[in-house]
Amino acid sequence: MSTIDCVIIVAGASCAGKTTFLKKLQGPDRPKLPTDLQAIDLAGFSVMNAMDLMTSAATEACPRRIILHYDIFRPITFYDALSFDIDPVLDLVWTARSKMVLTLWEDPDILRERSVRRRRDLWKKVVRRSSLRHLRANVDEFVGARTRRNKMRPWFASRSRLWQLHESWFEFVSAAGVEENWIIRPSDGMSFSALGGGRPTTPLWPMTPGGTKAN
């Protein structure tokens, strides 16, 4: 198996904006990034999702520099588990010599709205006349997405509930010895915060008058 020199994980919940963020990273108007990441030349990196990476690793054709698109709901939607230890793709990337993580956060209301739009787009794909020759594959895609969405729905009940999953992710990443660990909120002008002790150094949402996070 090829040795991975460097991995940058762009993580987040489904519909948090990972794909859009990755397109911006590779485009001419690259978003502002934390200092250490801003200096990295990303031209030589291969952008992959978890399934692509597992396939390439199985054929011993794993790239040496990777940007991994990672959905933090994967353990729940694919393995019906709450532990990130169960996901083999993470075992693979943790062998990299250099590891950095950018986690995208969005509030549940935003994720729910985007999820509804995605569901409508998938359904339009199913019934579109030009796609009828791929009907079986499109229906399977729609049903699979609906099943995963139903598993995610309880976590979108409140900001604090969704944050529990993120905290588990941050703790897992910290234990893996990641050198750079940042959290980004795309809908807030790509604002980012360093993570220290498993928590962001600045709040990602307004505080209540008593100083606690609003639910």
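# Reading a predicted chain, feature by feature

Of the 215 residues of the chain, 45% count as buried, and the model in which they are counted is a predicted one.

User: How do I read a helix, and which residues of helix H1 are buried?

Analyst: The general idea is that an α-helix has 3.6 residues a turn, so residues three or four places apart point the same way. In helix H1, which spans residues 18-26, the buried residues are Lys-18, Phe-21, Leu-22 and Leu-25. Seen down the axis of H1, these buried residues fall within an arc of 100 degrees, so they line one face of the helix.

User: What covers the buried residues of H1?

Analyst: The cover includes five strands, namely E1 (6-12), E2 (46-49), E3 (65-71), E4 (98-104) and E5 (180-185).

User: How should I read strand E4, and how many of its residues are buried?

Analyst: As a general idea, in a regular strand the side chains alternate between the two faces of the sheet. In this structure, six of the seven residues of E4 are buried, so the strand is largely enclosed by the rest of the structure. To see what pairs with E4, follow the bridges: seven of them join E1 to E4, and these two strands run parallel, with Cys-6 standing opposite Ser-98 in E4. Another five bridges join E4 to E5, which also run parallel, and here Met-100 stands opposite Glu-180 in E5.

User: Is Arg-185 buried or exposed, and with which side chain does it make a polar contact?

Analyst: Arg-185 lies in strand E5, and because residues under 20% relative accessible area are called buried, its 10% relative accessibility places Arg-185 among the buried residues. The side chain of Arg-185 makes a polar contact of 2.7 Å with the side chain of Asp-107. Asp-107 has its place in the loop between E4 and helix H6 (108-127), and Asp-107 is buried as well, with a relative accessible area of 12%. The side chain of Asp-107 also makes a polar contact with the side chain of Trp-105, at 3.2 Å.

User: How many salt bridges does the structure hold, and which residues are linked in a network of them?

Analyst: The structure holds seven salt bridges, and a network of salt bridges links Asp-5, Arg-64 and Arg-97. In one of its pairs, the side chains of Arg-64 and Asp-5 meet at 2.9 Å, N to O. This pair links distant parts of the chain, 59 residues apart, with Arg-64 in the loop between helix H3 (50-58) and E3 and Asp-5 in the segment before E1. Arg-97 also forms a salt bridge with Asp-5, with the closest N and O atoms 2.2 Å apart, and that pair is 92 residues apart, Arg-97 being in the loop between helix H5 (88-93) and E4.

How values were computed. Residues are numbered from 1 along each chain as its sequence is written. This is a predicted model: local features need pLDDT of at least 70, side-chain atom pairs count only at pLDDT 80 or more; totals for chains, interfaces and linings use all residues. Side-chain values use heavy atoms; hydrogens and water are left out. Buried means under 20% relative accessible area, exposed over 50%, partly exposed in between (1.4 Å probe, protein chains only). Helices (H or I, at least four residues) and strands (E, at least two) are DSSP runs, numbered from the N terminus. The arc is that of the directions from the helix axis to the C-beta atoms. Contact means heavy atoms within 4.5 Å. A polar contact is a pair of N or O atoms within 3.5 Å; within protein, one must be able to donate a hydrogen and the other to accept it, and residues adjacent in sequence count only if both atoms are side-chain atoms. Two strands pair if DSSP finds at least two bridges between them. A salt bridge is a side-chain nitrogen of Lys or Arg within 4 Å of a carboxyl oxygen of Asp or Glu.
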